Every structure is written in C-alpha cells, then in structure tokens.
Amino acid sequence: MTIVSYQLEGDIGVIRLNHPPVNALSQALRLGILDAVTQAQNDASLALILICEGRTFIAGADISEFGKQPVYPSLPELLDLVEASQKPIIAAIHGTALGGGLETALACHYRCALSTAQVGLPEVKLGLLPGAGGTQRVPRLAGVKAALDLITTGTPITAAKALSMGLIDKVIEGNLLTAALDFAKEVIAQGAVLKRVRDLDVDKENSSAEFFVEFREKLSKRFRGQEAPQRIVECIEAALNKPFNEGIKIERTLFVECMQSPQSASLRHMFFAERMSSKIKGLPKGSQLKDIKRVGIIGGGTMGGGIAMNFVNVGIPVTLLEINDEALQRGKDIIAKNYAMTVNKGKLTTELAAQRQALITGTTDYNDLAEMDLVIEAVFENLDIKKQVFAKLDKVCKQGTILASNTSYQDVNLIAESTSRPQDVIGLHFFSPANVMKLLEIIRCDKTSDKVLEVSMAIAKTIKKVPVLSRVSYGFIGNRMLRQYAREAQLCLLEGSTPQDIDTVMQSFGMAMGPLAVADLAGIDIGYKAREGLTDEEKGDARTYCIADALYEMGRLGQKTGAGYYKYDPETRQRIADPVVLEVIKAQAKNKGVKRKKIDDVTILERLTFALINEGFKILEEGIAQRPSDIDVVYVFGYGFPAYRGGPMFYADTIGLEKVYQTICEFGSRYGEAFWQPAKLLKQLVAEEKTLSQWANS
Ligand code: 3H9
C-alpha cells in the first residue's frame with residue numbers, strides 16, 4: 001500500500017496520506033510527505049493540498065517511535081521543508097488534527113477543516129510539549145492566553161472554535177476535497193501568497209511578568225507534580241520574547257528533555273496500556289458482536305443508580321428493579337439529584353437530563369426483566385442474597401441474556417453456580433461513583449463463554465469505560481491490592497505515624513488522596529462491615545484493622561459523621577488533624593504491645609507502594625490479571641495512582657526490580673515475614689535480571 005501518493009488535479013497538486021489507523025507521523029509517512037513536497041516544487045502545480053484518507057487527518061507523531069533512536073527526517077526538519085515550499089500548501093482537515101498533525105497543518109500556508117473536525121495539542125497528556133513548532137506558531141496566530149490554554153490542557157477544540165481563534169482559515173461543509181480544491185483556486189487567484197506563520201508577530205496582550213507568575217501558580221496546583229506544563233509556559237514566553245528560530249530551539253531542547261523524562265515514559269506507557277486492556281488474550285479481534293438494546297439493573301442504590309446512568313447516557317433504555325415502590329422512588333430520586341448536579345455545573349442541558357431519565361423504567365417485578373439483553377445485579381454485598389437474585393434471573397430471563405454481578409469481593413463462580421447457565425454469568429465491577437469513574441473490572445468466571453466476554457468488553461467501550469479483565473480472586477485486582485496497601489497504612493499508624501504523615505507522603509508521591517483521607521471519604525463502616533463476614537483467619541492480623549475498628553466503635557465513620565481519621569469543619573468540610581485520633585492510635589498500640597516510633601517518609605512510601613507492587617506480582621503469577629499494564633490501568637483509573645508514574649507495575653520497573661525485591665526481603669526481617677513474602681515472580685525476574693516489561697513482552 002502506498003502510504004503517500006501525489007497527483008496533479010489540473011494545476012493543483014494533491015498529496016494524499018493513507019496510513020491507518022490514524023495517519024500517525026511514522027518515519028515512512030514523513031519520508032513520503034518529504035518526497036511529495038520536493039517533487040511538487042518542479043512540476044506544473046501552482047498550489048498543493050495535504051489531505052488524509054481514512055477516519056482522520058494526522059493524529060500526531062507516532063508515539064511508538066518515542067524513546068528510540070531518532071530517524072531522518074525529524075518532524076521539525078520535515079516541517080521546515082513544508083513551510084519553505086515555493087508553492088502554497090493547504091491543509092485539508094477532517095477527524096482530529098492532533099499534536100504533530102496540527103503542527104503540520106500550522107506549517108502549511110493555509111488551513112481548512114470540515115465543521116465536524118477537531119484540532120488540538122494533547123502532548124501534555126503524554127508528559128510532552130508540542131515539539132514541532134506548536135508552541136511558537138499557536139501564540140502567533142491565537143495570542144498568548146489562548147495558546148497557553150490550548151497547550152497546557154491538551155483538550156481538543158472544534159473547527160468553529162479554531163476558526164474564531166485564527167488557527168484555521170475556513171470551515172467547510174460537504175466534500176472536503178472538492179471544497180479544498182476550490183479554496184486552492186481562490187488562493188491561486190489571489191496571487192498564491194505564501195502565508196508563513198513564523199513571519200507573524202505575537203500579540204503583546206497578556207505578556208506581563210505577573211500574568212505568567214499567576215498562570216504558573218495555577219498550573220502547579222492543577223497539575224500537581226507534573227513537569228511538562230511548566231515547560232510549556234517557558235516555550236510560550238520564548239515565543240513572546242525571542243525571534244522564531246530561537247524560540248524553536250528552546251522548544252526543541254525542552255521537548256527532548258520531556259521525552260527523556262520518566263514522567264513522559266510513564267504517560268506513554270499508560271496511553272498504550274489503556275488501549276491494550278480491552279484486548280483479550282487468545283480471542284480474535286472484532287468477531288460478531290451481539291447488540292445490547294435493553295439493560296436491567298437490580299438495586300437502585302447509589303451503585304445501581306450510577307450504573308443505570310451510564311447506559312441511558314448513551315441512549316440504552318434501562319429497567320431498574322427494586323424490592324418495593326418506596327425503594328424504587330428513592331433510587332430514582334438519587335439519579336435525579338445526580339443529573340441536577342450535572343445540569344447545575346453546566347455540563348448538560350435540562351432537556352437532555354430529562355430525556356435520559358425518561359429512558360429509565362422502574363419495576364418491582366422480576367418478570368419485567370425477561371426480555372433484557374443484559375442484567376446487572378447491584379444489591380447488598382452478600383453472597384447468599386446475590387445467589388438468590390441470580391436463581392430468580394435464571395428462571396425469568398430469555399436464553400442468551402448476559403447475567404452480571406457488580407460485586408467487589410464475592411466469588412462470582414459461586415454466583416454462577418446458582419444458575420443453570422454459568423456460561424452467561426460474568427462480573428462487572430463498577431467503581432463509585434459509577435457514573436463518573438472510568439474503570440470497569442470485568443470478571444471472567446471459570447465457565448464464562450468467550451462470546452459473553454467479548455460482548456462485555458464491547459459494552460464497556462459503548463458506555464465509555466476503560467475495561468480490565470480479571471479472573472475470580474478475593475477483591476479481584478484492585479481491591480485485592482488495596483487491602484495490602486491499607487494494611488501498611490494501618491501498621492504505620494500503629495507503629496508511629498499520624499494520619500497526616502501518611503496522607504502527606506502519598507499525596508506528594510502523586511496519589512489523588514492519601515489512604516486515610518480516602519477511608520474517611522468512603523466510610524470507615526465499609527471495611528468494618530466487610531470484615532464482619534470474614535473468619536478471624538480471613539481477617540488476618542488484628543494489628544492491621546484494630547485502629548479502624550476502634551474508630552468505628554466510637555461512631556467515627558468518616559466524612560459522613562463529621563469525624564474519622566480526621567475531623568471535618570461542618571461548613572467547609574475541610575480536613576483537620578484531631579488529637580483524639582492520636583490517643584486512639586496510642587491506646588491501640590499499647591494494647592498490642594507496639595512501641596511507637598516516628599517512621600521516616602521514604603519508609604512510609606516504600607511500605608505502601610511495595611505492598612501494592614508485591615501483591616501485583618502475585619496477581620500476575622496466579623494469572624488473575626492478563627498483563628502488568630492491566631494492573632496499571634486499574635490503579636490509575638480506579639484508585640488515583642499518578643498516571644505520570646505509570647501505575648504500580650511500571651513504577652516497579654522504573655525503580656528497578658532488584659531494589660524492590662531487596663527492600664521487601666529487608667521489610668520481611670524488620671516487620672515480619674507474614675506480611676512481607678516476596679512474590680515468586682518478582683524473585684524469579686530478579687534472578688533472571690529481567691524487567692517486568694521484558695517478561696510481559698516475551
Ligand atoms: C506528538 O505529536 C509530538 C509532536 O508535537 C512532536 C514530535 C516531534 N501514535 O485511540 P484509538 C493507535 S505526540 C501511535 O483506539 P480512537 C492506538 O494505539 C502525539 N499510535 O482510536 C490504537 O492502536 P491499536 C500527539 C497511535 O478512534 C489505534 O491507533 N497525538 C497514535 O478511539 C486507534 O487508536 C496524540 O496524543 C499515535 N499518535 O481515537 C493523539 N494515536 O488499535 C493520540 C493512536 O493497536 N491519539 N494510535 O490499539 C488519540 O488521541 C486517539 O487515538 C484518536 C483516535 C483520538 C486519534
């Protein structure tokens with residue numbers, strides 16, 4: 001297949017790119033464009049059009065080339081040649097012109113776009129900055145403030161917005177090529193002027209030192225711990241204060257610094273991890289999929305209601321079942337309140353919110369679920385109750401209905417056994433709030449059919465979730481690891497830390513929240529009630545939960561009671577350290593014969609993160625997760641692990657498995673081997689001197 005073709009249409013040369021799936025600027029594509037532009041300099045053409053086949057204009061540089069040896073021509077080299085063309089080049093945009101794609105268009109002399117197109121510079125999401133002139137050309141066209149907003153958020157904008165900002169010259173309805181040819185004719189008629197963005201001056205509005213100081217401060221709060229946004233500001237300052245060529249040099253240096261940073265390596269890893277997680281090993285891609293037209297949800301609590309919203313948001317009607325009319329009304333009220341909040345934030349119109357709610361039908365009769373394509377159970381977290389629900393579903397649902405349980409811990413194999421069709425049973429573990437959180441753990445039972453798995457993955461995409469496959473295991477992937485993380489948080493408390501010590505360390509590391517602040521948010525009663533159903537052996541060492549139990553028994557359930565590991569200002573809901581908690585901790589330590597001593601920050605960090613990592617290795621060696629990157633997706637999308645550290649498993653590779661292993665062994669002798677048994681897989685990889693990513697790719 002020719003990925004770049006060049007043809008004369010009258011006196012206009014058309015350069016067509018055809019490099020599926022997204023016309024990413026691989027070396028082959030760059031060489032193709034270079035050849036076409038060079039060839040066009042000596043033919044009869046008077047102007048050129050750069051247009052793409054397939055679903056989109058160029059979606060950016062080829063991310064898989066980053067971190068490898070650079071190959072000729074680099075994108076900046078190519079864009080110098082494009083801009084220097086003696087014949088005007090017109091970029092004709094459809095789909096998404098992103099990153100290097102938009103930079104290519106900006107190096108052209110004119111830009112037109114379909115009204116449905118979007119443009120943007122999302123490099124910051126990969127820990128990068130636009131490295132092919134974007135930081136220098138956008139401020140020349142759109143001004144400093146617009147450039148900063150576009151590039152530091154990375155959020156794409158519509159063609160209409162791009163037109164109003166001056167980034168493009170024309171918005172087109174109808175056939176893109178035809179309209180681009182007409183535009184080219186206009187350009188020729190007006191003397192084929194070579195409009196080079198580099199020749200423009202940057203508007204001096206928003207150029208004061210104070211403006212930049214303030215902007216930087218806002219950024220450091222919004223993108224806590226991230227390096228690329230600050231470097232972007234540096235580039236825009238250069239655009240303002242230096243000639244184009246000098247600005248480009250600064251951009252290049254800072255781009256290379258970003259690209260070589262662990263933050264960018266982590267974010268690039270997450271980009272591919274997110275796309276990989278929906279692929280099921282051993283199953284072909286894109287087989288025949290069943291359409292899901294109606295969904296039943298059992299349980300109208302916070303979880304069931306949130307799950308229902310996911311489906312009606314994409315136009316799939318939901319039947320919501322509750323035990324009586326009162327409970328049903330309560331469920332509907334929760335949903336209405338959630339929609340009202342979204343409307344208040346200006347993210348949805350009142351009409352759309354009403355339309356979506358109208359897609360929810362309430363019932364108290366299981367027979368109304370007979371014709372559902374998918375039923376999701378979201379009742380109380382109790383195995384017997386769940387089994388009864390599934391036995392009823394087995395009786396009423398048509399053949400082929402997918403029967404899913406939204407359980408966080410229960411053995412879905414046992415739930416499947418309560419039906420005559422275990423092949424149709426699966427776990428769909430949503431995270432709270434279910435209408436917001438992107439993660440969806442898909443639990444494959446021993447007998448779940450391949451087809452049901454594939455359909456479930458497709459459903460996840462339809463409702464815009466990031467799915468990760470897990471086998472049955474207590475807590476599946478996420479909560480199983482969380483248990484070990486929480487264990488270490490509790491032990492650190494008992495042995496010498498305060499809640500603030502631990503939360504500050506983990507927040508500085510980049511976690512969205514520290515573990516004790518999270519416990520207060522989720523409710524201390526949740527863990528307590530989960531433990532109630534366990535035997536002493538299953539509960540494990542009492543030191544890992546005695547403080548939580550003591551707080552529960554004092555009625556300190558977290559934010560909802562105004563006090564937990566912290567107390568909360570009734571008005572501002574602000575977290576405040578509470579000396580009472582320290583007394584509780586000290587009493588528990590005394591009771592357990594533990595002598596408290598301050599724990600340093602590095603040790604807190606290593607105890608919590610290595611507990612996660614070690615459990616992650618065990619999950620891999622047992623085949624519960626398909627691949628290390630899936631665990632990273634679970635932690636970044638479900639538990640607030642910083643994406644710029646790539647998830648716990650990628651982070652383990654970043655710091656080195658040898659270091660992780662040695663520290664875990666040392667913790668074993670210091671804190672007890674019952675807690676610190678290095679995973680077999682970790683030990684094996686250290687012995688083989690392999691990284692986890694080498695193991696995953698072997
Ligand atoms: C950049 O441009 C730097 C420059 O400033 C400077 C350079 C010097 N590269 O997302 P999808 C693959 S940085 C390689 O599922 P969608 C993707 O992995 C770049 N591969 O589709 C997937 O593969 P597979 C700035 C890429 O329709 C397949 O394409 N640009 C790239 O949901 C389909 O992707 C960006 O950050 C790439 N650039 O969404 C844009 N992009 O099928 C990144 C995609 O094997 N891309 N692939 O899993 C996107 O945001 C979305 O892919 C897009 C399509 C919106 C385009």
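Trainee: Which residue in β11 does I297 stand opposite?

Mentor: I297 stands opposite L320 in β11. Keep in mind that this is a predicted model.

Trainee: What makes β10 and β11 a pair of strands?

Mentor: Two strands pair if there are at least two bridges between them. Strand β10 (residues 295–298) and strand β11 (residues 318–321) have 4 bridges, in the parallel sense, so they meet that cut-off.

Trainee: Where do these strands sit in the sheet, and what is its order?

Mentor: The order is β12-β11-β10-β13-β14-β15-β16-β17, an open sheet of 8 strands with mixed pairing.

Trainee: Why are β12 and β17 said to stand at the edges?

Mentor: Each has a single partner strand, so β12 (360–363) and β17 (466–471) are both left with one side that has no neighbour in the sheet. On average, neighbouring strands here are turned by 25° against each other, direction ignored.

Trainee: Which helix packs on the sheet, and which strands does it touch?

Mentor: That is helix α17 (residues 450–462), which touches β13 (374–377), β14 (402–405), β15 (425–430), β16 (439–444) and β17. The direction of α17 makes about 175° with that of β16.

Trainee: Let us turn to a loop. How do you know that S277 is buried?

Mentor: Buried means under 20% relative accessible area. S277 has 0% relative accessibility, so it counts as buried. This serine is found in the loop between α11 (262–276) and β10.

Trainee: What does S277 touch, leaving out residues up to four places away in sequence?

Mentor: S277 touches M457, V466, P467, V468, R627, D630 and V633. Also, the C-alpha atoms of S277 and S629 are separated by 7.5 Å, although these residues are 352 residues apart along the chain.

Trainee: How do you know that the span of helix α12 agrees with what it should be?

Mentor: Helix α12 (residues 302–313) has 12 residues, and at 1.5 Å a residue they should span 16 Å. Its end C-alpha atoms are 16 Å apart, so the two values agree.

Trainee: Why is α12 called mostly covered?

Mentor: Because 10 of its 12 residues are buried. Among them are M303, I307, F311 and V312. Just after α12, G315 takes a positive phi of about 85°.

Trainee: What makes F509 and Y651 an edge-to-face pair?

Mentor: Ring centres must lie within 6.5 Å, and planes over 60 degrees apart count as edge-to-face. The centres of F509 and Y651 are 5.1 Å apart and their planes are at 75°, so the pair is edge-to-face. A search of the whole structure finds 14 aromatic pairs.

Trainee: Which parts does the pair of F509 and Y651 tie together?

Mentor: F509 lies in helix α19 (residues 499–509) and Y651 in helix α27 (residues 647–655), so the pair ties together parts that are 142 residues apart in sequence. F509 counts as buried at 4% relative accessibility, and Y651 counts as buried at 12%. Elsewhere, ring pairs link F211, F212 and F215 into a cluster.

Trainee: One last topic: how many disulfides does the structure hold?

Mentor: The structure holds 0 disulfides. For C397, the nearest cysteine sulfur, that of C445, is 16 Å away.

Trainee: Why is the sulfur of C546 too far for a bond with C492?

Mentor: A disulfide needs sulfur atoms within 2.5 Å. The sulfur of C546 is 13 Å from the closest cysteine sulfur, in C492, so a bond is ruled out. C546 counts as buried at 7% relative accessibility, and C397 is buried with a relative accessible area of 5%.

Definitions and conventions:
Residues are numbered from 1 along each chain as its sequence is written. This is a predicted model: local features need pLDDT of at least 70, side-chain atom pairs count only at pLDDT 80 or more; totals for chains, interfaces and linings use all residues. Side-chain values use heavy atoms; hydrogens and water are left out. Buried means under 20% relative accessible area, exposed over 50%, partly exposed in between (1.4 Å probe, protein chains only). Helices (H or I, at least four residues) and strands (E, at least two) are DSSP runs, numbered from the N terminus. Axes are lines fitted to C-alpha atoms, for helices over the stretch in contact, and angles run from 0 to 180 degrees between N-to-C directions. Contact means heavy atoms within 4.5 Å. The expected span of a helix is 1.5 Å times one less than its number of residues. Rings of Phe, Tyr and Trp (its six-membered ring) pair if their centres lie within 6.5 Å; planes under 30 degrees apart count as stacked, over 60 as edge-to-face and the rest as tilted.
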